[in-house]
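Please walk me through this structure, from its overall fold down to a few individual residues.

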Amino acid sequence: MTRARSLLTEFGLLSISLVLTSAYVMSVSLPAMEKQFTNVSQSSIELLATLPAFSVMIMVLLSGFIAEKIGNKNTTAIGLLIAGTAGIIPVFTNSFAIIFASRLLLGVGLGMFNSLAVSMIGFLYKDKQKANLMGFRSAFENLGQSFLLFIASYLISINWHATFWVYAMAYVVLIIFYTTVPDQRIQPARRTKPTANGPSSTSILK
């Protein structure tokens, strides 16, 4: 692997952290949404900001199983696609029920690659390079949140619907990630079959 290709792979891996904490960036639109949804309680509207965390927790537990079946790369790509699609749904609807469901679906997408953002670095890199990328990953996470919050703060001047366009960033990350990062599959542990004389994998020293 050439150095240029290696840098692209590293950037592709780090790029998915740009949208990992994006669930909260729509919080700038909550006051405007409260004015529109007068028949919905304030607590229900404010719940939209943290709602994805519930489905993220569930999908973090399931993402390893999914990755075993279809690979880390495909699992992450599907997660990004779901996150991007679910994230921009509120742009096109005034139904609070649909927006509520889309926020849960956003958490599903983010949860699919939440843990993989860390584990994929461990699969591809070791020692000092791995440690460096882990540090950069945290920086990318903070950078992504700050950047998307800045964009959302600008879009709110249009209307609250427009702020949800920030989740289209997931499509950009999907393209970068899928074109630069090789596939890795979690290999299930092999079980050694015992022989007639006992276990074949190890010898018992007397």
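The paragraphs below go from the whole chain to one helix, and then to the aromatic residues.

This is a predicted model. The chain contains nine helices and zero strands. Read from the N terminus, its elements run α-α-α-α-α-α-α-α-α. Of the 206 residues in the chain, 42% are buried.

The UniProt record, an unreviewed entry, lists residues 7–27, 47–66, 78–100, 106–126, 138–156 and 162–181 under "transmembrane region". Two of these spans can be set against the model. Residues 78–100 are 70% helix and 0% strand, and their end C-alpha atoms lie 21 Å apart. Residues 162–181 are 60% helix and 0% strand, with 31 Å between the end C-alpha atoms.

H5 covers residues 72–88, 17 residues in total. From first C-alpha to last, H5 reaches 25 Å, close to the 24 Å expected at 1.5 Å a residue. H5 is largely enclosed by the rest of the structure, because 12 of its 17 residues are buried.

Thr76 is part of H5. Its relative accessibility is 0%, so Thr76 counts as buried. Beyond residues up to four places away in sequence, Thr76 touches Ile16, Phe113, Leu116, Met120 and Phe177.

Next comes the nonpolar core. The largest one holds 48 residues. Which members touch the most others? They are Ile16, Met26, Met33, Phe37, Leu80 and Tyr167.

Tyr167 sits in the loop between helix H8 (127–155) and H9. With a relative accessibility of 4%, under the 20% cut-off, Tyr167 counts as buried. Leaving out residues up to four places away in sequence, Tyr167 touches Ser22, Ala23, Tyr24, Val25, Met26, Ala83, Gly84, Gly87, Ile88, Arg103 and Leu106. The C-alpha atoms of Tyr167 and Val19 are 8.0 Å apart, although 148 residues separate the two along the chain.

Phe37, Phe96, Phe100, Trp160, Phe164 and Tyr167 make up one aromatic cluster. In the whole structure, a search finds seven aromatic pairs. One is formed by Phe96 and Phe100, with ring centres 6.2 Å apart and planes at 45°, so the pair is tilted. Phe96 and Phe100 are four residues apart in helix H6, which means that about one helical turn separates them. Is each of the two residues buried or partly exposed? Phe96 is buried, with a relative accessible area of 16%. Phe100, at 28% relative accessibility, counts as partly exposed.

Terms used
Residues are numbered from 1 along each chain as its sequence is written. This is a predicted model: local features need pLDDT of at least 70, side-chain atom pairs count only at pLDDT 80 or more; totals for chains, interfaces and linings use all residues. Side-chain values use heavy atoms; hydrogens and water are left out. A nonpolar core is a set of buried Ala, Val, Leu, Ile, Met, Phe, Trp, Tyr and Cys residues joined through side-chain atoms within 4.5 Å. Buried means under 20% relative accessible area, exposed over 50%, partly exposed in between (1.4 Å probe, protein chains only). UniProt positions are given in the numbering used here, feature names are shortened, and annotations may be inferred rather than shown by experiment. Helices (H or I, at least four residues) and strands (E, at least two) are DSSP runs, numbered from the N terminus. The expected span of a helix is 1.5 Å times one less than its number of residues. Rings of Phe, Tyr and Trp (its six-membered ring) pair if their centres lie within 6.5 Å; planes under 30 degrees apart count as stacked, over 60 as edge-to-face and the rest as tilted. Contact means heavy atoms within 4.5 Å.
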